[in-house]
Amino acid sequence: MNQTAQVHQHPSQQVQTASPFQAMASRISVDPDTVQQIMTNTLMKAKGGNQQVSHEELMVFMSIANEYRLNPLTKEIYAFNNRGAIQPIVSIDGWLKVINTHPQFDGMEFDDKLDANGNLLAITCRIYRKDRSRATEVTEYLSECAGNSEPWKKWPVRMLRHKSTIQCARYAFGLSGIIDEDEAERYKGTNIEPDRGGEKPALEYYSDADFQKNFPAWKELIESGKRTPDQIISMVSNKGILSDEQLKKINEVAA
């Protein structure tokens with residue numbers, strides 16, 4: 001007796017993929033239509049009024065917000081207009097949410113680097129992951145990061161701690177596609193586009209003034225065994241070309 005063949009549909013074919021608006025709606029307890037309206041209005045405002053927001057811009061913003069599970073209603077993520085292009089911005093609260101909710105996050109600590117007079121030179125952020133035996137460590141220097149905005153003038157230590165946290169998180173968790181508020185302000189002020197992975201501009205020589213300011217902190221790291229001269233040179237070379245004399249001075253610390 002012949003039996004009718006039965007075709008069993010794979011579970012993945014039975015469930016419809018949720019739209020980006022549905023995915024966000026389920027997280028922030030708002031219906032999908034309201035999410036779409038809020039996101040469209042947010043991007044229109046970022047573009048400067050009633051300018052049209054393209055479907056691609058909306059989808060890019062939504063995908064980043066959903067990827068990092070950020071809530072635009074509480075300003076964990078928002079947008080700014082960079083010469084007509086929408087750039088997602090993540091506030092420090094958003095960055096901390098990404099860090100603290102990562103399944104491998106296992107703690108974070110800071111070291112302040114001071115000069116002989118007790119003035120702040122740099123802050124090191126150290127992030128621990130459960131799946132790595134060594135911490136990821138990033139040092140940010142005040143002379144390179146300090147801006148002219150009111151927050152930098154009023155709270156330089158707090159702002160530098162934020163910068164070291166964000167940079168360390170990028171290295172520790174491979175975060176991409178997002179920038180912080182301070183970076184956005186710098187782009188507005190200098191009319192520079194964010195780095196999108198394309199060709200980078202040629203580096204200038206590292207100034208002697210910056211070298212003299214930062215060298216004591218580098219020397220301390222080398223003498224304490226936390227960094228080798230090669231590691232310091234590699235780190236600094238990403239920001240400027242070191243002269244032969246500067247290279248010699250760094251290498252002599254371990255001699």
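## Burial and basis of the model

A residue is called buried at under 20% relative accessible area, exposed at over 50%, and partly exposed in between, using a 1.4 Å probe and protein chains only. By this rule Tyr141, at 1% relative accessibility, is buried.

The model is predicted: local features need pLDDT of at least 70, side-chain atom pairs count only at pLDDT 80 or more, and totals for chains, interfaces and linings use all residues. Residues are numbered from 1 along each chain as its sequence is written, and side-chain values use heavy atoms, with hydrogens and water left out.

## Aromatic pairs

Two rings of Phe, Tyr or Trp (the six-membered ring of Trp) form a pair if their centres lie within 6.5 Å; planes under 30 degrees apart count as stacked, over 60 as edge-to-face, and the rest as tilted. The count under this rule is three aromatic pairs. In one of them, Tyr141 and Trp218 have ring centres 5.8 Å apart and planes at 85°, so the pair is edge-to-face. Tyr141 belongs to strand S5 (residues 136–141) and Trp218 to helix H10 (residues 208–223), so this pair ties together parts that are 77 residues apart in sequence. Helices (H or I, at least four residues) and strands (E, at least two) are DSSP runs, numbered from the N terminus.

Trp218, with 1% relative accessibility, is buried. Trp218 also pairs with Phe211, again edge-to-face, at 5.5 Å centre to centre and with 70° between the planes. Phe211 is buried as well, at 2% relative accessibility. Through ring pairs, Tyr141, Phe211, Phe215 and Trp218 are linked into a cluster.

## Charges over rings

A charge is taken to sit over a ring if NZ of Lys or CZ of Arg is within 6 Å of the ring centre and within 35 degrees of the ring normal. Phe215, a member of the aromatic cluster, has Lys249 over its face at 4.6 Å from the ring centre. Elsewhere, the charged end of Arg158 sits over the ring of Trp155, 5.2 Å from the ring centre.

## Cysteines

A disulfide is a covalent bond between the sulfur atoms of two cysteines. Here it is assigned to a pair of cysteine sulfur atoms within 2.5 Å, and the count is zero disulfides. For Cys125, the closest cysteine sulfur is that of Cys168, at 4.0 Å, which is too far for a bond. Cys125 is buried at 0% relative accessibility. Cys145 is also buried, with a relative accessible area of 5%.

## Second largest pocket

Rolling a probe the size of a water molecule over the atoms shows where empty space is left. On a 1 Å grid over the protein atoms alone, a cavity is a set of points where a 1.4 Å probe fits but cannot get out, whereas a pocket is an open set with protein on both sides within 12 Å along at least five of seven lines; lining residues have an atom within 4 Å of a point. Grid points are joined across faces, edges and corners, and a volume is the space filled by probe spheres set on the points.

The second largest pocket holds about 230 Å³ of space. Its lining consists of Arg126, Arg134, Ala135, Thr136, Glu137, Gly225, Lys226, Arg227 and Gln231. By class, there are one nonpolar, three polar and five charged residues in this lining. Ala, Val, Leu, Ile, Met, Phe, Trp, Tyr, Cys and Pro count as nonpolar, Asp, Glu, Lys and Arg as charged, and the others, Gly among them, as polar.

## Positive phi in loops

Ser29 is not a glycine, yet has a positive phi of about 60°. Ser29 is in the loop between helix H2 (20–28) and helix H3 (32–47), and at 71% relative accessibility Ser29 is exposed.

Lys75, also a residue other than glycine, has a positive phi near 65°. The loop that holds Lys75 runs between helix H4 (55–67) and strand S1 (77–82). Lys75 is exposed, at 51% relative accessibility.

## Separations in sequence and space

Ile123, in strand S4 (residues 120–129), is buried at 0% relative accessibility.

His162 is part of helix H8 (residues 156–173) and is partly exposed at 24% relative accessibility. From His162 to Leu96 the C-alpha separation is 9.5 Å, and the two are 66 residues apart in sequence. Lys239, in the loop between helix H11 (229–237) and helix H12 (244–252), is partly exposed with a relative accessible area of 39%. Lys239 and Tyr206 are 33 residues apart along the chain, and their C-alpha atoms are separated by 7.4 Å.
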